[in-house]
Amino acid sequence: ENLPNLDNTHRIEKKSGLQDKPRHLIVRFHFLQMKENILQAAKNLGMVEYERCKFRFVPDYSRELMGLRKSFHNVMFELFKKQLRPALLYQARLRIRLFNGNNQFF
């Protein structure tokens with residue numbers, strides 16, 4: 001078995017009383033290719049469960065990109081209230097699914 005070479009791992013929040021809520025872990029891989037392989041495999045699997053613990057792997061975003069994505073939160077909240085089903089796509093692109101099924105991108 002080819003185990004990844006990790007530089008560092010740690011949790012960023014305390015365990016809550018909710019058993020179904022996944023906990024956040026930050027993992028730093030020594031080799032970029034290993035990170036890319038794991039992210040691709042995780043994307044295909046979706047949510048992973050190991051010993052009754054759920055895991056989901058997502059890439060880390062830069063501070064600038066997180067700021068861009070955060071700027072959409074209020075707009076998305078209002079769109080959800082109007083049942084327009086918005087989605088925030090990578091990197092910071094807003095998609096709104098209209099009632100007729102068409103998509104609008106911003």
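Two salt bridges are counted in this predicted model, a salt bridge being a side-chain nitrogen of Lys or Arg within 4 Å of a carboxyl oxygen of Asp or Glu. Local features need pLDDT of at least 70 and side-chain atom pairs count only at pLDDT 80 or more, while totals for chains, interfaces and linings use all residues. Residues are numbered from 1 along each chain as its sequence is written, and side-chain values use heavy atoms, without hydrogens and water.

**Salt bridges**
- Arginine 28 pairs with aspartate 7, with the closest N and O atoms 3.9 Å apart.
- This pair links distant parts of the chain, 21 residues apart: arginine 28 is in strand S2 (residues 25-29) and aspartate 7 in strand S1 (residues 6-11). Strands (E, at least two residues) and helices (H or I, at least four) are DSSP runs numbered from the N terminus.
- Glutamate 78 and lysine 81 form a salt bridge at 3.4 Å, N to O; they are three residues apart in helix H3 (residues 73-81), about one helical turn.

**Exposure**
- Arginine 28 is exposed at 57% relative accessible area, and aspartate 7 is partly exposed at 41%. Exposed means over 50%, buried under 20%, and partly exposed in between (1.4 Å probe, protein chains only).
- Lysine 81 is exposed at 53%, and glutamate 78 is partly exposed at 35%.

**Sheet**
- Three strands form an open antiparallel sheet in the order S5-S6-S7; two strands pair if DSSP finds at least two bridges between them.
- Strands S5 (86-89) and S7 (103-105) are at the edges, each with a single partner strand, so one side of each has no neighbour in the sheet.
- S5 and S6 (residues 93-97) are joined antiparallel over four bridges.
- Leucine 88 has leucine 94 in S6 as its bridge partner.
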